[in-house]
Structures are given as C-alpha cells and as structure tokens.
Amino acid sequence: MALEFEEGKALSALSLQFQGGFCGKDCEIEINGGQKVTDFFPEDINRVQIFNFPESKKDVKKVRIIFKSSSDFYGRITLYSLELYS
C-alpha cells in the first residue's frame, strides 16, 4: 500500500485497523522512495493499533506500507482504517 502527498508532511506514527483473521503480520514502513523507517508486527485483532516511528520524520512525501505476510491462509488482508499522525 502506498500514499503520496503533494506537499511534505511530518509523521511520527500510524494506526491501522484490520478485520480479525485478515491481518498483516510482518510489516514494514518506508518513506520517500525506499528509506526504511521501521518494522512492525500487528496483532490479529479487530481493534485500532498504533505504531510509533522510532523518531519523527519531516518532509515526507511518500509512505509505503509493506505487508510481508498475512494471518489469512490465502494471504488476504482486510484493512478498515489507516491514520497517519504528525
């Protein structure tokens, strides 16, 4: 999943809400075309989960969330909400 902004933004965290049973398990955040920010490991629950960046990032124009694996046997992921925090 990728997001692109017209103007640079400051980011310090993101929140995700998955459908239980269809969650990303081993995930990674990249910004600005390949700069890795952090790995994160969501729980297989239907609740909003917040993942803080190790340090706040400034002038972010691209965000990419990589789902390396899924809790679903077929690899499906259902994402209900995504929020970015500055």
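Strands are DSSP runs of E with at least two residues, numbered from the N terminus, just as helices are runs of H or I with at least four. The model is predicted, so local features need pLDDT of at least 70 and side-chain atom pairs count only at pLDDT 80 or more, while totals for chains, interfaces and linings use all residues. Residues are numbered from 1 along each chain as its sequence is written, and side-chain values use heavy atoms, with hydrogens and water left out.

**View A. Gly75 in a loop.** Gly75 is found in the loop that runs between strand S4 (49–67) and strand S5 (79–85). Its relative accessibility is 46%, and Gly75 therefore counts as partly exposed, a class that lies between buried (under 20% relative accessible area) and exposed (over 50%), with a 1.4 Å probe and protein chains only.

**View B. Ser15 and its surroundings.** Ser15 has its place in strand S1 (residues 2–18) and counts as buried because its relative accessibility is 0%. The side chains of Ser15 and Tyr85 make a polar contact at 3.1 Å, that is, a pair of N or O atoms within 3.5 Å, of which, within protein, one must be able to donate a hydrogen and the other to accept it, and residues adjacent in sequence count only if both atoms are side-chain atoms.

**View C. The pair Phe40 and Phe51.** The structure holds three aromatic pairs, defined as rings of Phe, Tyr and Trp (its six-membered ring) with centres within 6.5 Å, stacked if the planes are under 30 degrees apart, edge-to-face if over 60 and tilted for the rest. The ring centres of Phe40 and Phe51 are 4.6 Å apart and their planes meet at 45°, so the pair is tilted. Both Phe40 and Phe51 are buried.
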